[in-house]
Amino acid sequence: MTGRVAVVGAGAAGALTAVQLMRQAERAGRRAEVWLVDPAAQTGRGVAYGTPDARHLLNVPAARMSAFPDDPGHFLRRLTARDPHAAPGDFVSRREYGRYLGEIVEETAARCRHVRLNRVRERVVAVRERDGGPVLRLSGGGELRVDAVVLALGALGGDHGWAGPGLRASSRFVADPWAPGALEGPAAQGDVLLVGTGLTMVDVAVTLARPGRVLHAVSRSGLLPREHLPVPAAAVQAPPLDGAHGLDALRRGVRLHLAAGRRRCGDWRPALDGLRPVTAALWQQLPPADRRRFLDQDLRMWEVHRHRVAPATAVAVGALRAGGLLRVAAAEVVGAVPGAGAVEVSLSDGRRLRVAAVVACTGPRMDLTGSDDPLVRCLLEHGWARPGPAGVGLDTRDEGRLVPAAGARAVRVWAVGAVRRGNLLETTAVPEIRVQAAQVAGAVWGVPGVSGAGVGAAGSSPVREGAVSPAAPVPVSAAP
């Protein structure tokens, strides 16, 4: 029975998984140790909730953002305790939500008598097997021996091949707009080109926009995320749909459902939201060729309607566009030459722009075989993991355990969140990740089909900072 588990990644997925591992072990009276491994200074923030800009809002109403699948009101209760005027339909700041996730990790650890949480602020760069269990190699040179590993890596970096080697090597190229200080250099001066028109671009535009400069945003589609209704409406349940009949038939069924929802509610959003519970099943039913066709032909249209922005954010973006401060177009970068004072950019629509910086807002990489993450490369090279369906993410079983390459031995490694996109399609939002966290924790402990409840009051100093000596194996005790 597993007693030592490492969670790699301390963003939202890692925080929720660590909480579930602790709660389920504690409930069973199991003496265990959980290691939360990530170089980030704070727990629970990650890319999504680490922003310091209070104008960056959740794109899901507060009432649906509980950390616990069987306690849907948990986050809202916490929110209203701080602000009695908070309402279920509020879209609160992502910074506030990151604080909430960090708090529930601390509170859960404080309440545990049998489980100890260790926080190691290093990066995992490789994994190997020893005596049937995973051994993690850390960036500082030390090793961590555990019985199981859960990957909570979040959305890994994007593919920046479009930028060309000259631009990528320039200080005027921002490869990661969420890196500390990334938007304070050349991106803070003069006009800027934002490559990508999705949720990342929206947040970056809100941060960078100011009078006297123009933000140019381009993508192949030129489509912006749609906005939520000012007052969230109940989802309209989807009729029986079957992806096994192929993508064309599924498209027709979805269009009929959306049209019926529009007639019933006056808007397409409730009907689209009704597809959420069946999306993964429909995706898995599609033949492999149709999954690839969906990614090529339908994914962007799906994303801009499915992953919407808060009404206040939509108003802010609309004002920027109306004032000429944000200009959005369907175009691709075909050339970019950085110079001493600017970048000369050529676009596929024939325009030439002179900008102070180019910011990549293209979203995460889907094909992880080209990832520069050393742990992902290690898993793929040893055959302990293989690409997911349609070449997206890593392949996992239903309970989240990695599927090895043909002929390779399975290792005790599970995954939650974005790397499971090839199997689930929708796997990046909290309502999906909180369920995965509970399921994976149950699988790791050998108790499948469980879910996690809320937490109680906080204690003091519940998390032990893990110190890992360089080049020395670190045994993990099975008892606190």
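**Figure 1. Three helices, α7 (247-265), α9 (279-285) and α11 (299-306), each give at least two residues to the lining of the second largest pocket.** The model shown here and in the views that follow is a predicted one. Among the contributors to this pocket, α7 has the largest share of the lining, with eight residues. The space inside the second largest pocket comes to about 570 Å³. Its lining counts 21 residues, and those closest to the centre of the pocket are Val254, Leu258, Leu272, Phe294 and Trp302. Sorted by class, the lining of the second largest pocket holds 15 nonpolar residues, two polar ones and four charged ones.

Figure 2. Around the largest cavity sit Pro61, Arg64 and Phe91, then His228, Leu229, Pro232 and Ala233, and finally Arg269, Pro270, Asp273 and Arg308. Six residues of this cavity lining are nonpolar, one is polar and four are charged.

**Figure 3. Helix α1 (residues 12-27) packed against helix α4 (residues 94-111).** A pair of packed helices is described by two values, the angle between the axes and the distance between them. For α1 and α4 the angle is about 20°, and the axes are 10 Å apart. Angles under 35 degrees count as roughly parallel, so α1 and α4 are roughly parallel to each other. The two helices, α1 and α4, cross in a left-handed sense. From α1, the contact takes in Ala12, Ala15, Leu16, Val19, Met22, Arg23 and Glu26, and from α4 it takes in Leu101, Ile104, Val105, Thr108, Ala109 and Arg111. In this contact of α1 with α4, nine residues are nonpolar, one is polar and three are charged.

**Figure 4. Helix α1 again, here with helix α15 (residues 430-445) as its partner.** The axes of α1 and α15 lie 8 Å apart, at an angle of about 45°. That angle makes α1 oblique to α15. The crossing of α1 with α15 is right-handed. On the α1 side, look for Ala13, Leu16, Thr17, Gln20, Leu21, Gln24 and Ala25; across from them, α15 brings Ile433, Arg434, Ala437, Ala438, Ala441, Gly442, Val444 and Trp445. By class, the contact of α1 with α15 has ten nonpolar residues, four polar residues and one charged residue.

**Figure 5. Helix α3 (residues 74-82) packed on α4.** Here the axes of α3 and α4 are 11 Å apart and the angle is about 110°. Since angles of 65 to 115 degrees count as roughly perpendicular, α3 is roughly perpendicular to α4. His74, Phe75, Arg78, Leu79 and Arg82 of α3 meet Glu96, Tyr97, Arg99, Tyr100, Glu103, Ile104 and Glu107 of α4. The contact of α3 with α4 is made up of five nonpolar residues, one polar residue and six charged residues.

Key: Residues are numbered from 1 along each chain as its sequence is written. This is a predicted model: local features need pLDDT of at least 70, side-chain atom pairs count only at pLDDT 80 or more; totals for chains, interfaces and linings use all residues. Side-chain values use heavy atoms; hydrogens and water are left out. On a 1 Å grid over the protein atoms alone, a cavity is a set of points where a 1.4 Å probe fits but cannot get out, and a pocket is an open set with protein on both sides within 12 Å along at least five of seven lines; lining residues have an atom within 4 Å of a point. Grid points are joined across faces, edges and corners, and a volume is the space filled by probe spheres set on the points. Helices (H or I, at least four residues) and strands (E, at least two) are DSSP runs, numbered from the N terminus. Ala, Val, Leu, Ile, Met, Phe, Trp, Tyr, Cys and Pro count as nonpolar, Asp, Glu, Lys and Arg as charged, and the others, Gly among them, as polar. Axes are lines fitted to C-alpha atoms, for helices over the stretch in contact, and angles run from 0 to 180 degrees between N-to-C directions. Angles under 35 degrees count as roughly parallel, over 145 as roughly antiparallel, 65 to 115 as roughly perpendicular and the rest as oblique. A crossing is left-handed if the near helix is turned anticlockwise from the far one by less than a right angle, and right-handed if clockwise. Contact means heavy atoms within 4.5 Å.
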